[in-house]
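I opened this structure for a first look. These are my notes, in the order I made them.

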Amino acid sequence: MSKSEDYRQTLKKLDDWIPFLRENSGLPGPRGNLELAHAVAREGNQKQFNEFLSFQAEENTPEVFLVFSGVMGLGKLAVDDPRLFGQLREYASDSRWRIREAVATGLQLVGDQEMDLLLNEMQKWSRGNWYEKRAVAAALAEPRLLKQPITARKVLQILEEITEAMANADGQKDEAFKVLRQGMAYCWSVAIAALPEAGKPMMEKWSNSQDKEIRWMIKENLKKNRLVRMDADWVKQCNLKLERVA
């Protein structure tokens, strides 16, 4: 039995989850208890999630773990109640980075059940603000969601559109843009590894960009081992192209 499954069995026996979640949150600390959060999202109901979301929680506290778990739970519920995507979208711009992460993780729970629903919703978010774009990229750049070529191709196109919006954009010094850029520094590599024949030409094109932020983003993706394992010679050629443009 996995750790997450073990937590699920424990939660089923508890009348009040909150003391257990606080005690086992892993916070304060560098990493919250993601296995427990997944168990909460899968076992919980909307009433419980709403209670978790009601906490006024500061970052890196047991209480923010409750909010994190509640946000993830909204993702599970959004499959059957798409109106909840609006609430999730608001959390995508939250000032707390853990809550922004919870949005991406919750959206992946949607993809586990209804990938077409997730892709359609992410098309809408991808036209939103920088934080919303970052949620899109982080949610979709997950190998388990990209096993079907048609899905990987759609994700690559969404990343292409986000990158086009980033190139030479106003507001590149904004914190939200920096958060997006950091996320996109790995997201491309995940999608390209899932469908190299479609992704590699896109990366090659962006390797010619004159925008320093885009070049940095491409260079960071090229450092990922998944791309080196995929085609080390191609990675080398892209890096040479970046050097010539610089």
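**Ground rules.** I am working with a predicted model, where local features need pLDDT of at least 70, side-chain atom pairs count only at pLDDT 80 or more, and totals for chains, interfaces and linings use all residues. Residues are numbered from 1 along each chain as its sequence is written, and side-chain values use heavy atoms, with hydrogens and water left out.

I looked up the largest pocket and found about 230 Å³ of space in it. A pocket here is an open set of points on a 1 Å grid over the protein atoms alone, where a 1.4 Å probe fits, with protein on both sides within 12 Å along at least five of seven lines. The volume is the space filled by probe spheres set on the points, which are joined across faces, edges and corners. I noted 13 lining residues, meaning those with an atom within 4 Å of a point. Closest to the centre are Gly32, Leu34, Phe68, Trp97 and Glu101. Helices H3 (34-43), H5 (62-78) and H7 (97-113) each give two or more residues to this lining. Helices are DSSP runs (H or I, at least four residues), numbered from the N terminus. Which helix gives the most to the lining? H7 does, with four residues. I sorted the lining by class: six nonpolar, four polar and three charged residues. Nonpolar covers Ala, Val, Leu, Ile, Met, Phe, Trp, Tyr, Cys and Pro; charged covers Asp, Glu, Lys and Arg; the others, Gly among them, are polar.

**H9 and H11.** Next I checked helix H9 (residues 130-140) against helix H11 (residues 175-194). They pack at an angle of about 15°, with axes 8 Å apart. Axes are lines fitted to C-alpha atoms, for helices over the stretch in contact, and angles run from 0 to 180 degrees between N-to-C directions. H9 and H11 are therefore roughly parallel (angles under 35 degrees). The crossing is left-handed, a term for a near helix turned anticlockwise from the far one by less than a right angle; clockwise is right-handed. The H9 side of the contact includes Trp130, Tyr131 and Ala137, and the H11 side includes Phe177, Leu180 and Met184. Contact means heavy atoms within 4.5 Å. This contact has eleven nonpolar, no polar and three charged residues.

**H11 and H13.** I stayed with H11 and turned to helix H13 (residues 212-222). Their axes come within 7 Å and cross at roughly 40°. The crossing is right-handed. Among the residues that meet are Phe177, Arg181 and Trp188 in H11, and Glu213, Trp216 and Met217 in H13. The contact divides into eight nonpolar, three polar and three charged residues.

**H6 and H8.** The axes of helix H6 (residues 84-91) and helix H8 (residues 115-125) come within 12 Å and cross at roughly 50°. They are therefore oblique too. H6 passes H8 in a right-handed crossing. Phe85, Leu88 and Arg89 in H6 meet Leu117, Glu121, Lys124 and Trp125 in H8. I counted four nonpolar, no polar and three charged residues there.

**Backbone.** I noted a cis peptide bond between leucine 27 and proline 28, with omega about 0°. Proline 28 lies in the loop between helix H2 (18-23) and H3. Asparagine 60 has phi near 60°, a positive value in a residue other than glycine. Asparagine 60 sits in the loop between helix H4 (46-53) and H5.

Definitions and conventions:
Angles under 35 degrees count as roughly parallel, over 145 as roughly antiparallel, 65 to 115 as roughly perpendicular and the rest as oblique.
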